[in-house]
Amino acid sequence: NCVFLALESPEFREDREQMFFTADMFFTVIFVLEFVLKVVALGALQTPFRKKRSWSKISNDDELLVWTDRSYQAVFFMHTLNPKILDLPGLAIECIRSNDGYCIVHLWGTQVLRIVFYEGSFATCYKLKNQEHGHWELWHERVKPPTDKELETVLLSFDLTDHHHNAYFASNWNRLDAVVVFGA
């Protein structure tokens, strides 16, 4: 495409009008196919289109202290069943609440945990296994992961959201690319 753009000039174009028209059509089709493949592979939008629940961040310090305390109580309970979960206090550095009763607490201390509560009661927990790769593991080998994939997506994401960070329209560069493709 760049070569054809460099060759195109008023004098040169008059002699080869059909060649440039064919090249323009060819490259337009290629760029549209590229756009379609990216949207299919990455998804179009950053936020899920049909999500069951919405999440809100808890930013009130008093409420964060309450969730820090509940989290420590959950850690104490988990330690009685699995000594690999250390019975040490931590700090709830982030906490999100859903509109249907779930609350996820990101507890930071000598161990990093994501503790899930449902209607205020302990539901499950993930422990950070490998910080460099962002791998999480369930707190006990006999515990099954949540069957709700939307909940698990938020729970295991690096930023406690259900956003698709690689979605096509999440990037300003791709938005500009779409304007160029559809403008052609």
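This is a predicted model: local features need pLDDT of at least 70, side-chain atom pairs count only at pLDDT 80 or more; totals for chains, interfaces and linings use all residues.

Trainee: How far does helix α3 reach from its first C-alpha to its last?

Mentor: Helix α3 covers residues 17-42, which is 26 residues. At 1.5 Å a residue, 38 Å is expected. The model comes close to that, with a reach of 37 Å.

Trainee: Which residue just after α3 takes a positive phi?

Mentor: Look past the end of α3, at residue 42. The phi there is about 85 degrees. The residue is glycine 43.

Trainee: How many disulfides does the structure hold?

Mentor: A disulfide needs two cysteine sulfur atoms within 2.5 Å. For cysteine 95, the nearest cysteine sulfur belongs to cysteine 103 and is 3.4 Å away, so cysteine 95 is in no disulfide by that cut-off. The count for the structure is 0.

Trainee: Is cysteine 95 buried or exposed?

Mentor: Its relative accessibility is 0%. The cut-off for buried is under 20%. Therefore cysteine 95 counts as buried.

Trainee: Which element gives the largest share of the largest nonpolar core?

Mentor: That core has 17 residues, and Met78, Leu113 and Ile115 have the most contacts inside it. Elements giving two or more residues are α4, β2, β3 and β4. The largest share is 5 residues, and it comes from α4.

Trainee: Which tryptophan does methionine 78 touch?

Mentor: Set aside residues up to four places away in sequence.

Key: Residues are numbered from 1 along each chain as its sequence is written. Side-chain values use heavy atoms; hydrogens and water are left out. Helices (H or I, at least four residues) and strands (E, at least two) are DSSP runs, numbered from the N terminus. The expected span of a helix is 1.5 Å times one less than its number of residues. Buried means under 20% relative accessible area, exposed over 50%, partly exposed in between (1.4 Å probe, protein chains only). A nonpolar core is a set of buried Ala, Val, Leu, Ile, Met, Phe, Trp, Tyr and Cys residues joined through side-chain atoms within 4.5 Å. Contact means heavy atoms within 4.5 Å.
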